[in-house]
Structure formats: structure tokens, C-alpha cells
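Subject: Structure for you to look at

Hello,

Here is the structure I promised to hand over. Please open it and keep it beside you while you read my notes.

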Amino acid sequence: MKKSILLFLIALIWGHLEGFGQDYSNKGKDFWLGYGYHVNMAGNPAGGGTQDMVLYFTSDKNATVTVDIPGVTGFTPLVYTVLANTVTTSAPMPKSGSTDARINSPGLSSRGIHITSDVPIVAYAHIYNSSISGASLLFPTTTLGKDYYSVNFTQSSNAANANSFFFVVATEDATSVEITASAANLNGITPNTPTIVTLNKGQIYNVMGTTQGSTGTDLTGSRIRSISSNSSGGCKKIAVFSGAGKMSIGGGASGSADNLFAQAFPAVAWGKKYLTAPTGTQPNNYYRVCVTDPNTVVKLNGTIIPKTSLINGFYYQFLNGNTIGSNPATPNLIESDVPILVAQYCTTQGMDGNPNTSPYGDPEMIYLSPVEQTINNITLYSASKFLILQSYINIIVKNQGVSSFTIDGISKQANFQAHPKEPNYSYAIIPVGSGSHTLYSDSGFNAIAYGFGSAESYGYNAGTNVRDFSQTAAFQNPYKRIDSAVS
């Protein structure tokens, strides 16, 4: 009898752990986002601007995809047929008149963009105009979290009104959101003081940093979290995006600039081990390593980063991890004792040792995936807009996955080399043409996609797994207490 009870309890525990340990990815059937701020929206309060925002959709199956802006009166949903293993580009999102979807001012709006599909798809967003563009991977609603931090960069530009920003999108009615801005902002939120806003489904609350001429406040470290309230019940899932209207990075921020736009990674997509690779012909990159606890132990290439280097109690910043101007810059190993978030930045062309020759390049921000959160099959889009001269795909994979790695069915084994900081892994920096590309390996890999042009760039995380390693379960049985079981 005791044995039967014990077996039952083991089965019960295993069932709970299986539920907690489900693997999700950026593939899904339901997404929420917003048309983030771009410097060319400034001076166009009634609508317009030369920038455009388009969406990219892909799937391994034929899909019917609908794009709606339910809070915008008069917007007619757009329906797209997506053929398997190809990428479909949407029409530009509306930017003027009664259907204007732009998030171009601080505060509340009802301009949330809703993407739905009859089968799981992968989706990306791209905001661009001539030489000022940025792109982001999108996370489906099923993988969204309830607690986020904004990651931006030191706000300096070659243009005025190039504010740093973050915004939150509600996926359910009566969503209470606590916002703690890290710096001065146009919303009037006192820095480091929680402010609560209540949103309904599809509503957006946008926070914009202040500017003075071509410089402004950096909102990195701002916390955005869903909280419970008597009226709304439990905490509800939210989507959070960060960026800047226009940004110079490197060289004293005195050169050209680009907008930044990226969806924040939910906490469950953070990890303890990251491997990096330089970005193509612009190999010198800045990195920000973000921690939620200042006591987190972070190692760069095996050496503990001193806590005295922690900025604003939230992030470490470094260039390459080695000498400026080395070519190519050395790939890095970043480790920690608790999950962290890592962002990789491309610089202004010609700055901090990067060349001022074709295909040039410009600022971009890409959130990286840890090696704990890998994928093994993804179709992505290498953009041509606006005037991109060369696109690349970076791959990090365990050594046993190199031989099976392909792009569009063609082996890329010859492109790989051993990662100098982690002998069990290899990396590749692969030039590709514009258009859709399908990546496959029989082992999980991490990937980023990006491209450069004259004073121009785009870049995004190509895809990630979103497995929740933080879940715990507690049980009691007559024979032994199990305080926690981590999936």
C-alpha cells in the first residue's frame, strides 16, 4: 500500500514538473505589439512621417494571418495568406488620419496591434525609413511574462527629439501595471517611484525619456510589471517594448544615428550562460549585461566582473571584452549564478574601431538568447529596406550540431569555427542575401539576423525557446517532505 501511494505521488509530482517544464518558442498564434516611436514622427502630431512599419510572417505550414488594431476606429483588419517556409511582408501600418497607429507621444493610447493566425507562425516587426531603421522579434501571448525591465542605451543622437522610450501593451482587460521609471521622463513619473496605470486589452502606455538638444535620459533599468488588484484579479500577461527615436553609439556619439526598437524578453527567457559572436564587417560591439539583483555574480570570459562596475545597480557595460579595434573582435563567454539578460549593440559606422567602408553599418540593439534557450529550425527574413547592402546571420551551436546545420538546405559546416571561450561550442558569421532563409540543425542553436548599409542597419534575435526554469512546486507526503522541485 505504501509503495502504491509513493508511486502515485511520484507520478503526480512528475506531471506537475512536466507542466512547469513545457517548452515554448517565439512561434505562436496570437501576438500584441505597438508602432514604436521614430524620430521622424517628431513634428508630425497629426500623422505621417517618412518612416514606415511593416510586419514579417513565416511558418512551416500554410497560414492565414489577420492584423487588427481593435482600438482604432475605422481600421479594417488585414488578412494575409502565408505560404509554408516563405516570408510574407505586411502592408505598412497606418500612420495618419483616424487609423493612425503610431505611438508618438507619452501616456495612454488604444493603438495596440493584434496579430492572429490559424496555425503557429513566427513574426517580426520592422520600422524604417531612409537610413533610420530598427527591427524586432515578436513574442506570442502564450510566452509573455508579467515582470520586465527596459533596456535602452546612453541617449545621444545627431537629431533633436530622439527620445528613449518603452511601452507596455495589455493583453487583457483591467490589467494593472506598476511602472518604475529609472530616469526623468515626459510622463512626469518621478524616477524610482512606482506609478500604477490600469489598461484594457489592446491599450498601450508609453513612457518617453526627456531630451535636451541631441542628448536625453536613458531609461535602462525601468521596471514594468503586471500586479494584482481587487478589481482585476491576478496578474495578467503584458508585452513590453524598448527603444529610441534615434541613437548614436560609440565614438562620443558624434556620428550618424539609427532608431532602436526591440520587444523586451520575458524573465523566463533570461539565462545563466551566453556566447557571443561579433557582427560581420562591424565586429566591435558594446554589450549590456542586466541583473535584477546587484549581488549577482557575473563572469566575462571566466573573470568575475567587479561589482564596482555595476551601473545604476542594474547593468554592466563593456566593449568587446578585449582591445578596441581588434579585427575580428573576440567572441565572449558571459556567465552568472542567476539568470541575466544580455543585449548586443552595433555602433555608428566608423566608430570604436569599426570600418567606415562598405557595407558600413550603424547602431542597433539585439537581445541575445542564452544557450539554455535554443531552437533547431526557424525561417527568418533578411531585410533589404532601407538600402541594406549586406545581411548576416550569426549562429552559436554545440559542436555536434555543426555538421547538420544548413541554411535553405545547404550545408554551412565550412563557415564554423571553434568558440575561443567555450570549447564545446562553435560559431559562424554567415553573409546572406535579402529574402527568407530557413535555418536547421539536429542540435539546438542560437541565432541573430542583421544587416548593414551606408549609415544604416537592422537586427533582431532570430528566434528563441522560452522555457521557464524558475517554476517550483511544493508537495507534502507521509514519508518525506519535498520542499521544492525545480523543472
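This is a predicted model: local features need pLDDT of at least 70, side-chain atom pairs count only at pLDDT 80 or more; totals for chains, interfaces and linings use all residues.

The overall picture comes first. The protein chain has 35 strands and 1 helix. It is 487 residues long, and 57% of them count as buried.

Now the charges. Side chains of opposite charge can pair when their charged atoms come close. The count here is 7 salt bridges.

- Arg102 and Asp100: their closest N and O atoms are 2.9 Å apart. Both residues are buried.
- Glu178 and Arg225: this salt bridge spans 2.7 Å, N to O. Glu178 sits in strand β11 and Arg225 in strand β16, so the pair ties together parts 47 residues apart in sequence. Glu178 is buried, at 13% relative accessible area. Arg225 is partly exposed, at 28%.
- Asp218 and Arg288: here the N to O distance is 3.0 Å. Asp218 lies in the loop between β15 and β16, while Arg288 belongs to strand β20, so this pair links parts 70 residues apart in sequence. Asp218 and Arg288 are both buried.

Best wishes

Technical notes: Residues are numbered from 1 along each chain as its sequence is written. Side-chain values use heavy atoms; hydrogens and water are left out. Helices (H or I, at least four residues) and strands (E, at least two) are DSSP runs, numbered from the N terminus. Buried means under 20% relative accessible area, exposed over 50%, partly exposed in between (1.4 Å probe, protein chains only). A salt bridge is a side-chain nitrogen of Lys or Arg within 4 Å of a carboxyl oxygen of Asp or Glu.
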